[in-house]
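Here's a quick briefing on how two chains sit against each other. Have a look at the structure first, then we'll go through the contact.

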Number of protein chains: 2
Amino acid sequence: MNEYPSILLGEAVNQFASLPGMGRKTALRHVLALLRRSDGDVERFASSITNLKKNVHYCRRCHNICDSDLCPICSAIHRDQHTICVVENIRDVMSIENTGQYNGLYHVLGGVISPMDNIGPKDIEIESLVARIPDEQIQEVILALPTTMEGDTTNFFIYRKLSALTNTCKVSQIARGVAVGNDIEYTDEITLGKSILNRTEYKG
Amino acid sequence: MNEYPSILLGEAVNQFASLPGMGRKTALRHVLALLRRSDGDVERFASSITNLKKNVHYCRRCHNICDSDLCPICSAIHRDQHTICVVENIRDVMSIENTGQYNGLYHVLGGVISPMDNIGPKDIEIESLVARIPDEQIQEVILALPTTMEGDTTNFFIYRKLSALTNTCKVSQIARGVAVGNDIEYTDEITLGKSILNRTEYKG
């Protein structure tokens, strides 16, 4: 006998198990949960994903995902049009938006430079970022890439590109330090060291 | 701004987040992973689940999932046709099949009796199980339901039904005891107590 008593079931499980971080047992659980729903519900589940794939747009300015040519952030006139926050992917846009602490624009790179994965500067949206600086008279670029070797490499690459281009645009990066709620004694040495070097004035 | 920059994205995330045990962050991760694939891949993903829903069959004898009228287990002539293993769902069938220790038939109840969830004996496949005993001249019914209050209730209900029907069909239940690889000292008292009461002869 096969692993699954039904070929169609096996096929659906294979598809779910191909999603990142999903094992075959979890995949089977999800497929069986869907199978218990009505035909209409299953149809809606399937079409939500095909609809998205068919009709998705990426913002021509910041490459964020959206339903039209320009994303809701780029088209919001009340936002600061002279600051760009550079992020790796659209999930980072949502995370930063959720903080409610940022009111400028974004630029989604779609990845970070990673020679190990064969991702070079040409494979991500760095050129379009550089082009935006003079075009949109950007005054500050905030680098909000992951604090990994790849993120640091990409940060440095962008910094070099921008320095060569302009000396009116400030380049900053998000603060790295002890996370809110974390104990000092359990913070790793590199983070703790950076938090001392980059200390900020105490304003009471 | 909405939680998601695209309504279509939000819709797909909602659908994924409706699966059991899946949070909105994981759902978003899966949707974005699918979005990075080709149109054909996304189409195959969606159709695998609609195909399954449209064309799935349940075995008319044991209610296992299958591609035709009778499941591969029920139609396997080399299997013991006089023993039925009663399980809650088709995942349990697969788990027991994977052990390679059982060569009889199954009966999938599709649930266990649970007054809290409004599931009574009529809502699960108990009547069809009882009907199989004389019809197929069953000699042993093995109860392999979960070791929970609901599982125990269902076990007892089936036992009573079968006792009233016949005295030639043996009713047994799978052994409950210390799991292989587990330390005695960390085994809970109820399990350890049962493992002593239900000790088996040591055969060296």
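How many residue pairs are in polar contact between chain B and chain A, with both at pLDDT 80 or more? The count is ten. Keep in mind that this is a predicted model.

**Who supplies the contact**
- On chain B, at least two residues of the side touching chain A come from each of α1 (7–17), α2 (24–35), α3 (39–55), β2 (65–66) and α4 (90–99).
- The top contributor on that side of chain B is α3(B), which puts in 14 residues.
- Sorted by type, the residues of chain B's side come out as 30 nonpolar, eleven polar and twelve charged.
- Counting heads, chain B brings 53 residues to the contact and chain A brings 53 residues too.

**Area and charge**
- About 5100 Å² gets buried between chain B and chain A, and 72% of that is on carbon and sulfur atoms.
- As for salt bridges across the interface of chain B and chain A, the rule finds zero.

Conventions: Residues numbered from 1 in each chain as written. Chains lettered and ligands numbered in written order. Predicted model: local features only at pLDDT ≥ 70, side-chain atom pairs only at ≥ 80, totals over all residues. Heavy atoms only, no water. Contact = heavy atoms within 4.5 Å. Buried area = accessible area lost by both parts, 1.4 Å probe. Salt bridge = Lys/Arg side-chain N within 4 Å of Asp/Glu carboxyl O. Polar contact = N/O pair within 3.5 Å; in protein donor to acceptor, adjacent residues only side chain to side chain. Helix = DSSP H or I, 4+ residues; strand = E, 2+ residues; numbered from the N terminus. Nonpolar A, V, L, I, M, F, W, Y, C, P; charged D, E, K, R; others polar.
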